[in-house]
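Have the picture at hand as you read.

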Amino acid sequence: MASFKPTNIPVYPKLGEKVTQDTLYWKNYKAPVQIKEFGAITNIDFSPVTPHNFAVTAFTRIHIYGPFSQEPVKTFTRFKDTAYCGRFRSDGQLLVAGCEDSVVRLFDVGGKVALRMFRGHTKAVHVTDFTSDRYQILTGSDDYTCRLWDIPNATELNVYQEHTDYIRCGITSKLNRDLFITGSYDHTLKVFDARVDKSVMSMDHGQPIESLLLYPSEGLLVSAGGRYVKVWDLLKGGQPLVSLRNHHKTVTCLALSSNGQRLLSASLDRHVKVYSTTNYKVVHNFDYAASILSLALAPDDESIVVGMTNSILSIKHRKSPEESREISGQQRRRPSYRVFVKGKNYVPKQDDYLVSKPVKQYLAKYDKQLKKFNVSKALDCALEKWIRLRNPEVPVAVIKELDRRGTLKNALAGRDEQQLSRLLSFLIGNLVDMRFAPVLVVAAEMILDIYRSILGQSPVIDRQLLRMQDLLEREIDYQKELVEVLGMLDTMFASSLPKMEVPCSSVSRSNGLSILIQV
């Protein structure tokens with residue numbers, strides 16, 4: 001006698017979800033490691049040199065974490081008030097940070113005490129960065145000024161006072177030591193050249209600017225402010241290329257992937273959007289528990305680090321190839337007795353006899369009832385609440401199997417008001433789903449045939465049947481409208497094709513002229 005074959009539950013694609021290469025790439029991260037900081041995390045910066053530690057600026061401290069450490073390997077606490085914008089120099093040996101007390105501090109990563117303290121701003125300093133020659137520092141403050149400082153002499157080189165509101169973001173060129181860009185709450189971006197005393201280019205973002213990002217080639221500039229992310233072409237005099245509005249709250253920070261092909265933006269709406277830099281379409285999305293203030297990507301995208309308003313630092317590490325293969329494969333079986341006795345890597349010897357045991361078959365509740373030919377109970381088991389809500393494909397597969405056996409009508413018949421109401425609720429919720437419609441339409445027709453004679457005896461059943469009728473009528477109307485639209489599109493496409501005159505092979509005998517057909 002042949003063994004019983006369990007019901008085949010087909011795997012349907014999730015509606016609205018496309019599995020793309022970006023989906024596979026950006027989902028290949030482990031569960032996040034969460035670290036509680038002392039306050040809102042306003043800035044994260046990765047060291048350019050190995051082992052690529054990252055500095056986390058939160059409240060009155062700057063913590064430096066290792067790539068896989070959950071405790072800070074270094075802490076800077078010499079701030080009298082809230083610290084801002086801790087950034088590494090390109091050699092990873094120095095770190096600069098601003099402060100609410102208007103003083104800019106320069107630290108040696110290996111020490112504790114500030115090497116230099118730059119005084120000159122009159123309000124909080126939110127922007128700090130090193131120039132590409134490593135000997136100068138750019139700062140931007142709430143006093144509407146940005147300044148250049150000389151590191152060896154600890155002196156101020158120049159002051160620029162062109163903004164009319166707080167300067168909250170800025171970036172220096174990595175290719176030219178004299179160029180830097182600032183963004184302000186006065187809605188403007190300004191490109192400065194240290195060789196002249198004023199800006200050489202100005203652009204209007206239209207919203208208070210929160211973050212700036214330069215592409216590696218430095219031909220394109222990205223600005224974030226309000227709900228907008230805008231891309232500017234610096235080689236064409238600051239011409240706007242594209243304006244993105246995919247967030248519904250203020251965009252706070254930007255990041256670029258290691259290959260420069262993906263742009264990331266984070267917002268107070270708790271989302272991180274990933275854009276393709278070829279067409280600027282959203283290719284992936286990350287969700288977080290709180291509003292995001294800072295975002296950074298490790299070299300080679302090995303880690304995604306996010307700082308939130310609730311003082312939580314979230315770190316996602318990329319899975320190793322072995323972990324990815326393990327998860328993508330089948331579910332791991334529990335270790336066998338041989339593993340516990342002789343070890344995981346034990347291999348049978350040449351003289352050993354391997355005695356295999358038959359694998360015990362575990363059946364679901366509905367399969368157990370099908371095996372006993374209890375078709376009605378099998379359908380009831382498949383329609384349990386937690387199954388029909390989470391996995392509607394299971395009841396559909398059981399209905400399909402009953403129909404294949406020719407026992408679906410018997411399974412649907414003889415039901416009381418409660419059982420029939422549960423069945424109709426499932427049909428109403430899934431009947432117009434394109435994945436399940438071919439199977440459920442057959443079941444709906446059988447229900448109407450079986451229970452036609454008792455209509456009007458139960459107000460609950462009558463209301464459900466009316467809901468199902470309205471649902472089907474709306475679906476039919478949608479289908480008709482779609483067919484009409486398809487016909488219109490076909491007509492438009494046909495009329496847009498170029499017309500060509502093709503000579504017909506036949507010749508009119510009456511006048512001897514060739515007949516031409518227009519295509």
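Predicted model: local features only at pLDDT ≥ 70, side-chain atom pairs only at ≥ 80, totals over all residues.

H9 covers residues 417–430 and H10 covers residues 437–450, and the two pack at an angle of about 140°. Their axes are 11 Å apart. Roughly antiparallel would need an angle over 145 degrees, so H9 and H10 count as oblique to each other. The crossing of this pair is left-handed.

Which residues of H9 and H10 meet? On the H9 side they are Leu420, Leu423, Leu424, Phe426, Leu427 and Asn430, and on the H10 side Leu440, Ala444 and Ile447. Sorted by class, the contact of H9 with H10 has 8 nonpolar residues, 1 polar and no charged.

H9 has another partner, helix H11 (residues 459–496), with an angle of about 15° between them and axes 10 Å apart. Angles under 35 degrees count as roughly parallel, so that is the label for H9 and H11. Their crossing is left-handed. From H9, the contact uses Glu417, Leu420, Ser421, Leu424, Ser425, Leu427 and Ile428. From H11 come Val460, Ile461, Gln464, Leu465, Arg467, Met468 and Leu471.

| Pair | Angle | Distance between axes |
|---|---|---|
| H9 and H10 | about 140° | 11 Å |
| H9 and H11 | about 15° | 10 Å |

Now for some strands. Strand S4 (residues 61–65) is mostly covered, with 4 of its 5 residues buried. What does S4 pair with? Strand S3 (residues 54–58) pairs with S4 in the antiparallel sense, over 5 bridges. Strand S5 (residues 74–76) also runs antiparallel to S4, and 3 bridges join them.

S3 and S4 form a hairpin, with 2 residues between them. In the turn sits Phe59, which has a positive phi of about 55°.

Most residues other than glycine have a negative phi, and most peptide bonds are trans. Where does this chain do something else? Thr50 and Pro51 are joined by a cis peptide bond, with omega about 10°. Pro51 lies in the loop between strand S2 (41–46) and S3.

Asp300 has a positive phi near 65°, and its place is the loop between strand S26 (292–297) and strand S27 (303–308). Asp301 is found in the loop between S26 and S27, with a positive phi near 55°. Are these residues buried or exposed? Asp300 has a relative accessible area of 52%, so it is exposed. Asp301 is at 2% relative accessibility, so it counts as buried.

Finally, step back to the whole chain. How many helices and strands does the protein chain have? The secondary structure comes to 11 helices and 30 strands. Of the 519 residues in the protein chain, 45% are buried. Among contacts with a separation of 6 or more, residues 24 or more positions apart account for 45%.

Conventions:
Residues numbered from 1 in each chain as written. Heavy atoms only, no water. Axes fitted to C-alpha atoms, helices over the stretch in contact; angles between N-to-C directions. Parallel < 35°, antiparallel > 145°, perpendicular 65-115°, else oblique. Left-handed = near helix turned anticlockwise from the far one by under 90°. Contact = heavy atoms within 4.5 Å. Nonpolar A, V, L, I, M, F, W, Y, C, P; charged D, E, K, R; others polar. Buried < 20%, exposed > 50% of the residue type's maximum accessible area, 1.4 Å probe, protein only. Pairing = 2+ DSSP bridges.
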